[in-house]
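Student: I would like to learn how to read a few features of a protein model. Please take them one at a time.

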Amino acid sequence: MVDTDAPVISIHRLTKRYGPVTAVRELDLEVRRGEVFGLLGPNGAGKTTTILTLLGLAEPTSGTVRVLGLDPTREAVKVKRQVGYVPDSVGFYPGLTARQNLRYTARLNGLRDVEDRITEVLEQVGLGHAADARAGTFSRGMLQRLGIADALVKNPSVMILDEPTIAIDPEGVRQVLSLIRTLREEHRMTVLLSSHLLYQVQEVCDRVGIFVKGRLVAVGSVAELADRLSEGRVVVEVGVAGDPDAAARRLAEVDGVQEVSREGDLLLAVCGGQSRARIAGALTGAGHTLLHLRQRSSHLDEIYHRYFHHERTE
Ligand SMILES: Nc1ncnc2c1ncn2[C@@H]1O[C@H](COP(=O)(O)OP(=O)(O)OP(=O)(O)O)[C@@H](O)[C@H]1O
Ligand SMILES: [Mg+2]
């Protein structure tokens, strides 16, 4: 029987050294079935090394790695059959068409009768119209999507994407992220992606792990990490019609509000996480017309820099 609660990827005390360099240090990590997990960290953090051990392309120095219950070092072929991998630089034959390139990889992987499947995955990544155009004419964004199509031909249950948004323009990034969302939502895939462009991938990740110098310094949803750093404090933007000074005075008296300041037409309240309803009630109760009420979300960039900074100054 398949244990559906078992993590799809589980890493226990993984250490990987290259000579004197420790690329990954005592890493513990679990990726659950059906989630999009973002491995985030600056250049040289050990993201690619971790990914390579999951695919059996790098052997752990110590510790254990399991993908769908398999040991990638010993059962690389079985892992490869079920795991789609999109490397950070996808290479295709420029003189071959998209379809011919996919056919070529499929043949290398020993897959047969893939013509319909190739048509299907090219449609799925939005390259149906370019199926018979040469890969050499593709933009970087199109090449990235062709890389995803290539990994999808075998119908994997897990996708691993190394820096999927690197070096592509904002529209290309949006297309790749929406594709990743579809893989999870419509095809129930588990997705592990790596990135150092945190603000780009923030919205698509159910959970993220912040990776610095081979060590994981924090794991959780973006909201959880933000909460942990802000120690439960949030900033709420308030806009009222009429006299903002009177509203600011009333706001400062609301239970849970610690600080009030002005920013243009808005009042900013630093307060506990659950204060919004009380703020609305207090202001309308005092006769103010509320035009705007919004909790500011912490940017992952900010979160990440603060974790990174803590790590360096320790
Ligand atoms: N084959 C190798 N031989 C020697 N050192 C390596 C090798 N691969 C990686 N390293 C080193 O291990 C560390 C982690 O590298 P890795 O490529 O895993 O980081 P990364 O997080 O993917 O970085 P990037 O954002 O630049 O892709 C770096 O110091 C790197 O120089
Ligand atoms: Mg890398």
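Tutor: Start with pairing: two strands pair if DSSP finds at least two bridges between them. Helices (H or I, at least four residues) and strands (E, at least two) are DSSP runs, numbered from the N terminus. Here strand E10 (residues 233-241) and strand E12 (residues 266-272) pair over six bridges in the antiparallel sense. Opposite valine 236 stands alanine 269 of E12.

Student: What kind of model is this, and how are residues and chains labelled?

Tutor: This is a predicted model, in which local features need pLDDT of at least 70 and side-chain atom pairs count only at pLDDT 80 or more, while totals for chains, interfaces and linings use all residues. Residues are numbered from 1 along each chain as its sequence is written, and chains are lettered from A and ligands numbered from 1 in the order in which they are written.

Student: What is the strand order in the open sheet of four strands?

Tutor: The order is E11-E12-E10-E13, with antiparallel pairing. Strand E11 (257-263) and strand E13 (289-295) are the edge strands, each pairing on one side only. On average, neighbouring strands of this sheet are turned by 25 degrees against each other, direction ignored. Axes are lines fitted to C-alpha atoms, for helices over the stretch in contact, and angles run from 0 to 180 degrees between N-to-C directions.

Student: Which strands do helix H9 and helix H10 lie across?

Tutor: Contact comes first: two residues are in contact if their C-beta atoms, placed from the backbone, lie within 7 Å. Helix H9 (residues 244-252) lies across E10, E11 and E12, at about 160 degrees to E11. Helix H10 (residues 276-285) lies across E10, E12 and E13, at about 170 degrees to E13.

Student: At what angle do H9 and H10 pack?

Tutor: The angle is about 130 degrees, and the axes are 10 Å apart. That makes H9 oblique to H10, since angles under 35 degrees count as roughly parallel, over 145 as roughly antiparallel, 65 to 115 as roughly perpendicular and the rest as oblique. Ala247, Arg250 and Leu251 of H9 make the contact with Ile279, Ala282 and Leu283 of H10. These residues divide into five nonpolar, no polar and one charged. In that count, Ala, Val, Leu, Ile, Met, Phe, Trp, Tyr, Cys and Pro are nonpolar, Asp, Glu, Lys and Arg are charged, and the others, Gly among them, are polar.

Student: Is lysine 47 buried or exposed?

Tutor: A residue is buried if 20 or more other C-beta atoms lie within 10 Å of its own, exposed if 12 or fewer, and partly exposed in between, with C-beta atoms placed from the backbone. Lysine 47 counts as buried because it has 26 C-beta neighbours inside 10 Å. Lysine 47 lies in helix H1 (residues 47-54). Not counting residues up to four places away in sequence, lysine 47 touches Leu39, Gly41, Ser194 and Phe211.

Student: How far apart in space are cysteine 205 and glycine 38?

Tutor: They are 5.8 Å apart, C-alpha to C-alpha, and 167 residues apart in sequence. Cysteine 205 lies in the loop between helix H7 (198-201) and E8, and is buried, with 24 other C-beta atoms within 10 Å.

Student: What is the phi of glutamate 26?

Tutor: Glutamate 26 has a positive phi of about 45 degrees although it is not a glycine. Glutamate 26 lies in strand E2 (residues 21-31).
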